[in-house]
Amino acid sequence: MRGVVMYTAGDVRVEEREDPKIIEPTDAIVRLTATCVCGSDLWPYRGIEPTDHTAMGHEYVGVVEEIGSEVRTVKVGDFVVGSFVISDNTCEICRSGYQSGCAHREFVAGTIGTQAEKARIPHADGTLVATPGQPDAELIPSLLAASDVLGTGWYGAVAAEAGPGKTVAVVGDGAVGLMAVLAAEQLGAERIIAMSRHPGRQELARSYGATDIVAERGDDGVAKIKELTGGLGAHSVIEAVGTQESTMQAIGATRPGGHLGFVGVNHDVTIKGIDLFFAGIHVEGGPAPVRRFLPHLIQLIWDREIDPGKVFDLTLPLDQAADAYKAMDERRATKVLLTL
């Protein structure tokens with residue numbers, strides 16, 4: 001099968017990889033219908049994370065082609081959406097709603113690699129969710145978004161306790177930040193402030209429910225949020241970038257007693273304990289337990305109540321994966337869908 005391999009920073013190739021096979025009785029083989037490039041894939045692409053002939057990709061939808069003898073909840077022929085974290089969905093951590101911390105957790109990125117024609121998904125019953133039927137073609141981008149960025153943005157909004165009567169600020173205008181805006185709107189937030197400098201992304205954020213746009217960053221961004229909230233800060237803040245600046249901006253924008261949901265994959269972020277102590281805020285985040293939300297998100301998409309697929313602003317065939325990475329790295333695309 002064809003699959004994307006990152007040899008080293010900036011060196012992305014599509015080459016023949018071995019077809020996956022059933023190894024454990026809880027496995028499923030999925031023939032992928034669509035996959036994509038994630039903002040977190042840019043960390044190794046830019047040399048910030050190590051990479052050495054790494055199988056790339058962790059977002060995926062497709063049709064079940066084969067199942068192990070112990071798989072019960074999906075069957076051959078089902079169209080499925082899978083989380084970017086493998087989980088059994090039965091351990092104590094999973095049952096508490098944090099499947100991304102499963103006792104049998106395995107990250108799809110760098111191991112399975114779903115920027116490919118097929119993938120072996122371990123713990124299929126706990127990781128994959130079948131759609132109500134075979135989806136229409138126009139739904140596939142939205143279902144693909146549910147595999148990671150929609151579920152991650154949704155978790156950020158839930159962790160930040162976005163809801164009725166709340167002012168929500170979203171730090172980051174990439175795919176996850178835009179999905180967090182959508183989630184905050186769906187959760188009933190009264191006011192949603194999207195922090196963005198990019199006109200196209202600002203427009204998409206407004207289409208997803210943003211009521212205000214703040215272009216300032218850092219201390220200026222914090223000051224603007226406070227100006228918009230009577231000097232108090234937002235009730236709920238979602239951090240969807242993962243840099244030192246974005247993290248401190250998010251903490252500063254959260255009012256005392258407010259909630260910060262951090263879902264940007266962070267690198268070299270250092271928070272002084274005294275700063276967090278005097279902020280007086282609730283903090284929750286990390287790898288999103290997408291599996292917790294998948295059934296609900298799939299139904300919202302199926303019923304055409306949300307359209308997260310609009311976040312894909314460039315579509316390329318798998319063979320042009322290198323161009324997809326370059327487009328996202330150069331910020332010419334928010335998120336690239338790869339067709340198979």
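Reply: Two strands count as paired if DSSP finds at least two bridges between them. The model before you is a predicted one. In it, an open sheet is formed by six strands, in the order 13-12-11-14-15-16, with parallel pairing.

Me: Which strands are the edge strands of this sheet?

Reply: An edge strand pairs on one side only; here these are strand 13 (212-214) and strand 16 (282-285). On average, neighbouring strands of the sheet are turned by 20° against each other, direction ignored.

Me: How many bridges join strand 15 to strand 16?

Reply: Strand 15 (residues 254-262) and strand 16 run parallel and are joined by four bridges. As for individual residues, His259 has His282 in strand 16 as its bridge partner.

Me: Which strands does helix 9 lie across?

Reply: Helix 9 lies across strand 11, strand 12 (191-195), strand 14 (234-239) and strand 15.

Me: How is the packing of two helices described?

Reply: Two packed helices are described by the angle between their axes and the distance between the axes. In this model, the axes of helix 8 (residues 218-228) and helix 9 (residues 244-253) come within 9 Å and cross at roughly 25°. Angles under 35 degrees count as roughly parallel, and helix 8 and helix 9 are therefore roughly parallel to each other. The crossing in which helix 8 passes helix 9 is right-handed.

Me: Which residues make the contact?

Reply: Helix 8 contributes Gly218, Val222, Ile225 and Lys226, while helix 9 contributes Glu245, Gln249, Gly252 and Ala253. By kind, the residues of this contact of helix 8 with helix 9 divide into three nonpolar, three polar and two charged.

Me: Is Thr152 buried or exposed?

Reply: Buried means under 20% relative accessible area. Thr152 has 5% relative accessibility, so this residue counts as buried. Thr152 is placed in helix 5. Leaving aside residues up to four places away in sequence, Thr152 touches Phe84, Val176, Val263, Ala288 and Val290.

Me: What is to be noted about the phi of His53?

Reply: Most residues other than glycine have a negative phi. His53 is a residue other than glycine, yet its phi is positive, near 55°. His53 lies in the loop between helix 1 (42-45) and strand 4 (54-55). With a relative accessible area of 49%, His53 is partly exposed.

Me: Where is Glu161 placed, and what is its phi?

Reply: Glu161 is in the loop between helix 5 (149-159) and strand 11 (167-171). The phi of Glu161 is near 55°, again a positive value in a residue other than glycine. Glu161 has a relative accessible area of 41% and is partly exposed.

Me: Where is Asp19 found, and which residues does Asp19 touch?

Reply: Asp19 is found in the loop between strand 2 (11-16) and strand 3 (28-37). A relative accessible area of 34% makes Asp19 partly exposed. Not counting residues up to four places away in sequence, Asp19 touches Met1 and Lys118.

Technical notes: Residues are numbered from 1 along each chain as its sequence is written. This is a predicted model: local features need pLDDT of at least 70, side-chain atom pairs count only at pLDDT 80 or more; totals for chains, interfaces and linings use all residues. Side-chain values use heavy atoms; hydrogens and water are left out. Helices (H or I, at least four residues) and strands (E, at least two) are DSSP runs, numbered from the N terminus. Buried means under 20% relative accessible area, exposed over 50%, partly exposed in between (1.4 Å probe, protein chains only). Contact means heavy atoms within 4.5 Å. Axes are lines fitted to C-alpha atoms, for helices over the stretch in contact, and angles run from 0 to 180 degrees between N-to-C directions. Angles under 35 degrees count as roughly parallel, over 145 as roughly antiparallel, 65 to 115 as roughly perpendicular and the rest as oblique. A crossing is left-handed if the near helix is turned anticlockwise from the far one by less than a right angle, and right-handed if clockwise. Ala, Val, Leu, Ile, Met, Phe, Trp, Tyr, Cys and Pro count as nonpolar, Asp, Glu, Lys and Arg as charged, and the others, Gly among them, as polar.
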